[in-house]
Amino acid sequence: MFRSVYLKTLRDYRVPILGWGLGMGALMLTIFTAFPSVVATPEARASVVALGPSFAWIAEPIKLDTPGGYATWKYGLTLLVVVLWPILAHTGMLRGEEDRGSMNVLLSLPRGRVRVALEKVAAMWTALVLMAVIIGLMAYTGAAKVNAGLSLPDAVLFGVNLAVIGAFFGSLGLVVSQFTQERRPATGITSGLLLVFIVIDMVHRVIPNTEWLSRLSPVYYFNLSKPLVPGYGPNPGAMAFLVAMAAVMVAGGVWLFSRRDIGGVVPLPAKLHLPRRASQSERSALQGGWSLRSVYSRSLAVIAAPTFWWTLAIAGLGGWMVVIVKQAEVQLNKLLQGSPLMQQILHVGGSGGTSATILSSLFIFLPLLLMAFAVTQASRWAADEEDGRLELVLSTPQPRLSVLMARFAALATATVVIALVTLAVTVVASGAEGVRIDDGNLSAAILSMVPMGLLVAALGYLFAGWLRAAFDTGLLSFLLVIWFFISFVGPGLSWPEATQRLSAFYYYGTPLLNGLPVWDTVLVIAVAATALALAAARFVRKDIAV
Amino acid sequence: MTDPIIDVQGLTKSYGGKRGIGGVSFQVAEGEAYGFLGPNGAGKTTTIRVLMALLRADHGTARIAGLDAWNDSVQIKRMVGYLPGELSLDPGLTGQQILEYFGHLRGGVDQAYVAQLVKRFDLDPTRKFRHYSSGNKRKVGLVQAFMHRPRLVVLDEPTSGLDPLNQQEFGRLVAEVRAEGRTVFLSSHILSEVEQTCTRVAIIRDGKIVREGGLAELKDIKLHEVTIAFAEAAPAAAFNAVEGVERVEALPDGKTLRLTVHGGVDAVIKAAAQHPVLAFTTHEPSLDDIFLRYYQTERSPEPVPAHV
């Protein structure tokens with residue numbers, strides 16, 4: 001496996017191929033297996049079909065009374081999580097190697113830059129195809145169990161469609177990374193573009209006569225293919241279009257890479273330059289005012305930019321959910337009043353009204369995103385130790401405990417800021433849209449995200465005591481996916497409560513409907529505090545960067 | 001030696017059975033410049049990182065100014081300046097911001113002295129760390145190690161990447177620090193560098209101290225490789241008996257000799273001057289080469305007793 005750049009890169013991807021392939025495949029398997037219980041009675045089946053148009057913003061509701069149609073609709077958004085890995089991998093394949101300094105060595109070999117880059121891209125695309133096959137095979141197995149009428153080619157094409165959209169956004173990340181000094185900003189910008197394109201695609205399903213706008217989004221073309229829906233199948237034109245666009249972007253990215261300095265960036269055209277920044281000495285004086293005074297303030301400065309973007313995403317999503325709910329409220333009122341089963345499908349309870357009921361089912365995405373933010377920042381802690389960035393800080397008279405707590409406090413501050421801004425945005429949005437939500441419950445729903453974020457962060461710090469950054473991030477991400485999976489799919493499968501209690505989301509509850517689950521929140525805080533205490537106990541004793 | 005500032009006794013650290021250090025012992029007196037020599041992977045950095053409480057020793061003790069390196073690390077770091085072997089700092093900060101940050105973490109430093117150090121090393125502090133060359137990164141590290149006038153400066157390969165002018169400046173700085181009664185502990189794999197800056201030296205190999213003593217006591221291990229190109233057939237026999245010559249090798253062209261010389265090369269120059277010489281070059285072999293010859297060719301694997 002070390003005979004070429006292609007094989008070495010493919011070897012590097014073996015864990016993600018299996019991890020993402022089996023993970024997404026398991027999700028499909030579970031969804032198909034669970035479907036009969038969702039439509040156990042004719043009334044339930046009718047209710048699901050009736051519910052579809054109200055939630056068309058997730059995905060186009062087609063043949064919802066079939067396993068494939070139901071899966072395509074309900075999990076249309078969730079499936080796109082698979083795009084995150086290609087983004088990470090594409091931004092890392094060239095820029096990441098430059099960050100590590102290994103690109104210098106690689107390019108000292110008698111191989112041209114273009115060849116090196118293309119071999120890496122080829123390995124990435126091979127990995128995506130392998131992943132697609134795994135997903136397709138597992139989806140086929142699930143569909144066969146419930147006699148969903150899904151053919152093997154269509155099942156594999158479902159996986160291929162996911163791989164294609166992954167290749168598109170990955171290639172976009174490859175291009176973006178030619179303009180950024182480091183890998184992280186490229187990953188952040190591309191992930192942000194993914195969110196923007198998802199929203200642009202949604203627009204035409206919510207607002208009439210806006211399909212022209214949605215056509216600008218690659219997600220629109222991804223959604224044109226529905227291989228799981230019987231009789232609908234893939235859209236070869238749309239898939240070919242996405243592949244062609246990805247190929248063009250790869251060509252562009254590789255061309256830019258072949259012409260720029262290693263470690264440098266492609267200069268943006270003058271018109272795209274940001275306004276002139278203050279001179280170094282001016283900035284130094286400004287930053288020196290606060291960010292260089294302590295480990296806490298420095299950590300806060302480092303985390304400021306990602307916090308801004310994550311705040312934009314989380315608060316924006318919160319506000320957008322409120323707007324969506326208003327539009328679906330009238331129709332759903334009728335449905336909910338006429339169908340107790342529908343309430344069960346939406347996992348509703350309490351007495352918060354229709355808006356709160358719908359919002360409650362959507363708000364699970366907000367703590368999920370905040371926890372994902374915590375994963376990225378906790379992994380930075382592990383990476384800083386691994387990269388030797390703690391070495392000099394720990395050579396100053398700062399106790400190790402203080403350094404760890406200062407870093408954690410900065411992360412805690414960021415999560416609180418995100419929650420407060422999200423609360424402000426949703427309050428303003430609900431006021432503007434006339435959505436009736438209990439202020440106390442809304443505050444509880446948003447502010448109780450903070451302990452969830454801190455729980456993930458504390459676990460990340462704890463794992464970092466033993467694991468390298470990549471494994472720390474992997475384990476945290478895996479945990480997050482498993483928790484979400486248990487809470488998102490578990491109720492539909494009537495999993496026992498003991499199983500559902502394994503997920504942190506269980507303890508988040510439905511605060512928008514039922515108020516703050518005080519003891520569950522206390523439990524989350526206690527577990528987070530314990531994890532942090534253990535992380536601190538480990539950190540003050542461990543060898544640094546070994 | 002009265003009240004050594006560094007007192008290491010039987011220090012052992014292994015990385016899960018892999019190479020580390022085993023039973024390292026030495027003392028450094030206050031006010032001296034102490035060189036820690038050894039080839040790559042010998043255990044220099046491990047020893048230093050134990051002293052800086054970045055690693056916890058498996059066995060043995062490491063004390064700085066009478067304080068335990070691990071248990072009293074915060075107190076110790078108030079009086080120590082440190083330059084790691086591999087410097088990794090926030091790439092988005094300028095040199096000035098980095099110095100300001102570490103100045104704050106140390107509770108404040110004399111800005112005039114920082115500016116003086118920056119000027120001495122000819123460092124441009126307005127550039128971002130990521131844009132510095134390896135030599136300039138080293139300068140940032142050196143300035144931050146010295147800027148709070150520490151009682152003890154611990155430096156891991158301090159001149160790695162520095163140009164000759166800045167190496168000289170570094171040598172002068174070490175001399176000044178010593179003159180003020182402060183202590184310098186530096187590791188290196190370059191014998192001549194240690195010779196120029198240190199008063200005492202320990203040599204570590206495979207995680208064990210194999211020699212320790214004053215510079216004069218270590219002269220016997222110094223080797224030069226001398227290549228002499230003659231205008232006519234090389235007179236190899238004429239060099240066999242020259243003082244310090246350990247080995248004479250005639251190169252295939254028949255007119256060039258390669259000599260391995262112990263100690264000074266004065267006698268070799270005088271002997272060569274008896275013949276028509278076209279070129280005379282000498283270079284100091286790496287420490288690894290010296291070790292290889294000293295411990296393998298000479299077949300004297302027994303460590304020489306330390307001279308303290």
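1. In the predicted model, helix α8 of chain A, spanning residues 152-176, packs against helix α12 of chain A, spanning residues 236-259, at an angle of about 25 degrees and with 8 Å between the axes. Because of that angle, α8(A) counts as roughly parallel to α12(A), the cut-off for this class being under 35 degrees.

2. The α8(A) and α12(A) pair crosses with left-handed sense. On the side of α8(A), the residues that make the contact are A:N161, A:V164, A:I165, A:A167, A:F168, A:S171, A:L172, A:L174 and A:V175, and they meet A:M239, A:L242, A:V243, A:M245, A:A246, A:M249, A:V250, A:G252 and A:G253 of α12(A). Sorted by class, the contact of α8(A) with α12(A) comprises 14 nonpolar and four polar residues, with no charged residues.

3. For helix α18 (residues 400-433) and helix α20 (residues 449-463), both of chain A, the packing angle is about 150 degrees and the axes lie 9 Å apart. The two helices, α18(A) and α20(A), are therefore roughly antiparallel, since angles over 145 degrees fall in that class.

4. The crossing of α18(A) with α20(A) is of the right-handed kind. Here A:L404, A:F408, A:L411, A:A412, A:T415, A:V416 and A:A419 from α18(A) come together with A:M449, A:V450, A:G453, A:L454, A:A457 and A:Y461 from α20(A). The contact of α18(A) with α20(A) holds eleven nonpolar residues and two polar ones, and charged residues are absent from it.

Note on methods
Residues are numbered from 1 along each chain as its sequence is written. Chains are lettered from A and ligands numbered from 1 in the order in which they are written. This is a predicted model: local features need pLDDT of at least 70, side-chain atom pairs count only at pLDDT 80 or more; totals for chains, interfaces and linings use all residues. Axes are lines fitted to C-alpha atoms, for helices over the stretch in contact, and angles run from 0 to 180 degrees between N-to-C directions. Helices (H or I, at least four residues) and strands (E, at least two) are DSSP runs, numbered from the N terminus. Angles under 35 degrees count as roughly parallel, over 145 as roughly antiparallel, 65 to 115 as roughly perpendicular and the rest as oblique. A crossing is left-handed if the near helix is turned anticlockwise from the far one by less than a right angle, and right-handed if clockwise. Two residues are in contact if their C-beta atoms, placed from the backbone, lie within 7 Å. Ala, Val, Leu, Ile, Met, Phe, Trp, Tyr, Cys and Pro count as nonpolar, Asp, Glu, Lys and Arg as charged, and the others, Gly among them, as polar.
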